Amino acid sequence: MREVSAFQPNHLPIFIASTCLLLLAPPVFAVTNYIVLGRILYYVPYLSPIHPGRVISTFLGLDAVIGAITGNGGARIADLEASEADIRAGKAMLRASIILQLVSFFLFVALEAFFHRRCIRQGLVCPKPTAEANEQSKKLRRILNLMYISSGIISCRHVFRVVEVFQGTEGYLARHEWPLYVFDGAFMFANMLMLNIWNPMHYLPNDNKIYLSKDGVTQRLGPGWVDKRPFILTLVDPFDVAGLFTKKDKDRFWDHETEHPIVGQETVGGGKGPSGETAV
């Protein structure tokens with residue numbers, strides 16, 4: 001799209017699409033991380049600070065709002081008939097949206113780190129790789145490391161975009177092509193390549209009702225985590241802050257894990273289950 005725009009500089013729709021796609025790319029890549037973290041929280045529900053299904057809806061909802069601001073701002077700047085006030089407003093909207101993208105993603109990384117810390121305290125994940133760690137601990141650690149690397153790559157790309165937007169159209173980054181290919185194209189390609197080679201979903205069960213017991217070894221098939229609150233309330237209060245004050249009982253199905261059947265390792269990444277297990 002950027003190449004087409006370069007050969008058709010007077011074609012406004014192409015220029016708008018090129019500008020908006022460059023700014024909207026991070027949320028698209030970030031969605032992958034949202035999905036993976038949500039699946040991890042389903043796998044270890046008793047350490048999840050948020051309903052796993054709300055990871056995607058919360059952060060994707062934020063990205064949708066930010067994307068709307070980005071698109072509006074980009075359209076105002078690209079409009080050749082726009083007044084000076086509209087152009088200034090468009091630039092302000094772009095700057096606000098790019099900062100909000102960075103803040104939103106840092107909140108996601110903070111949620112990931114908070115969950116990781118809980119796993120370490122519970123003994124499910126070792127802070128450092130050790131030979132004594134069981135297979136489930138190694139898998140969790142591997143997935144979380146992949147998530148940190150991917151999040152770091154996306155964050156660097158966010159920072160590059162923040163600097164570019166604040167420099168403006170006359171800045172060095174906007175007037176030279178090589179930073180785009182290095183800090184944008186190369187970073188995103190590396191992230192895509194990494195997640196395809198070491199696919200995080202290979203280490204997680206195919207069914208999100210399968211969870212890891214508190215012993216850190218046994219996998220069980222539970223009823224799944226169902227949030228019985230109204231859907232609108234789950235969007236407004238994804239962390240169920242109100243529940244902390246009302247002390248309303250929650251469906252803690254993992255506290256009754258002996259009632260749930262054990263599943264074998266064949267449910268994870270296509271591997272074979274250990275002998276002697278009662279596989280479902």
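Reader: Why is arginine 76 called partly exposed?

Author: In this predicted model, arginine 76 has a relative accessibility of 28%. Buried means under 20% and exposed means over 50%, with partly exposed in between, so arginine 76 counts as partly exposed.

Reader: What makes the contact between arginine 76 and aspartate 86 a salt bridge?

Author: The N to O distance between the two side chains is 3.5 Å. The criterion is a side-chain nitrogen of Lys or Arg within 4 Å of a carboxyl oxygen of Asp or Glu, and the pair therefore qualifies as a salt bridge. The pair links distant parts of the chain, with arginine 76 in helix 3 and aspartate 86 in helix 4 (residues 84-122), 10 residues apart. Aspartate 86, at 31% relative accessibility, counts as partly exposed. The structure holds seven salt bridges.

Reader: How do you know that the length of helix 3 agrees with expectation?

Author: Helix 3 covers residues 53-78, which is 26 residues, and at 1.5 Å a residue these should span 38 Å. The end C-alpha atoms are 37 Å apart, which agrees. The buried residues of helix 3 include Arg54, Val55, Phe59, Asp63 and Ile66, and also Gly73, Gly74 and Ala78.

Reader: What makes arginine 161 and glutamate 164 a salt bridge, and are the two residues buried or exposed?

Author: The N to O distance is 2.0 Å, and the limit is 4 Å, so the pair meets the definition of a salt bridge. Arginine 161 has 2% relative accessibility and glutamate 164 has 14%. Buried means under 20%, so arginine 161 is buried and glutamate 164 is buried.

Reader: Why are arginine 161 and glutamate 164 said to be separated by about one helical turn?

Author: Arginine 161 and glutamate 164 are three residues apart in helix 5 (residues 135-167), and this spacing corresponds to about one helical turn. An α-helix has 3.6 residues a turn, so residues three or four places apart point the same way.

Reader: How do you know that aspartate 184 forms a salt bridge with arginine 161?

Author: The closest N and O atoms of aspartate 184 and arginine 161 are 2.7 Å apart, within the 4 Å limit, so the pair is counted as a salt bridge. Aspartate 184 lies in helix 7 and arginine 161 in helix 5, so the pair ties together parts that are 23 residues apart in sequence. Aspartate 184 is buried, because its relative accessibility of 7% is under 20%. Arg157, Arg161, Glu164 and Asp184 are linked in a network of salt bridges.

Reader: What is known of the length of helix 5, and what follows just after helix 5?

Author: Helix 5 has 33 residues and reaches 48 Å from its first C-alpha to its last, close to the 48 Å expected at 1.5 Å a residue. Just after helix 5, glycine 168 takes a positive phi of about 85 degrees.

Reader: Why is threonine 218 called buried?

Author: The relative accessible area of threonine 218 is 16%, and the cut-off for buried is under 20%, so threonine 218 is buried. Threonine 218 is found in the loop between strand 1 (210-212) and strand 2 (219-221). Beyond residues up to four places away in sequence, threonine 218 touches Tyr211, Leu212, Ser213 and Ile262.

Reader: What makes the approach of threonine 218 to aspartate 215 a polar contact?

Author: The two side chains make their polar contact at 2.8 Å.

Reader: Is leucine 41 buried or exposed, and where does leucine 41 lie?

Author: Leucine 41 lies in helix 2 (residues 12-43). With a relative accessible area of 1%, against a cut-off of under 20%, leucine 41 is therefore buried. Leucine 41 touches Ser48, Pro49, Ile50, Pro52, Val55 and Phe115, leaving aside residues up to four places away in sequence.

Conventions
Residues numbered from 1 in each chain as written. Predicted model: local features only at pLDDT ≥ 70, side-chain atom pairs only at ≥ 80, totals over all residues. Heavy atoms only, no water. Helix = DSSP H or I, 4+ residues; strand = E, 2+ residues; numbered from the N terminus. Expected span 1.5 Å × (residues − 1). Buried < 20%, exposed > 50% of the residue type's maximum accessible area, 1.4 Å probe, protein only. Polar contact = N/O pair within 3.5 Å; in protein donor to acceptor, adjacent residues only side chain to side chain. Contact = heavy atoms within 4.5 Å.
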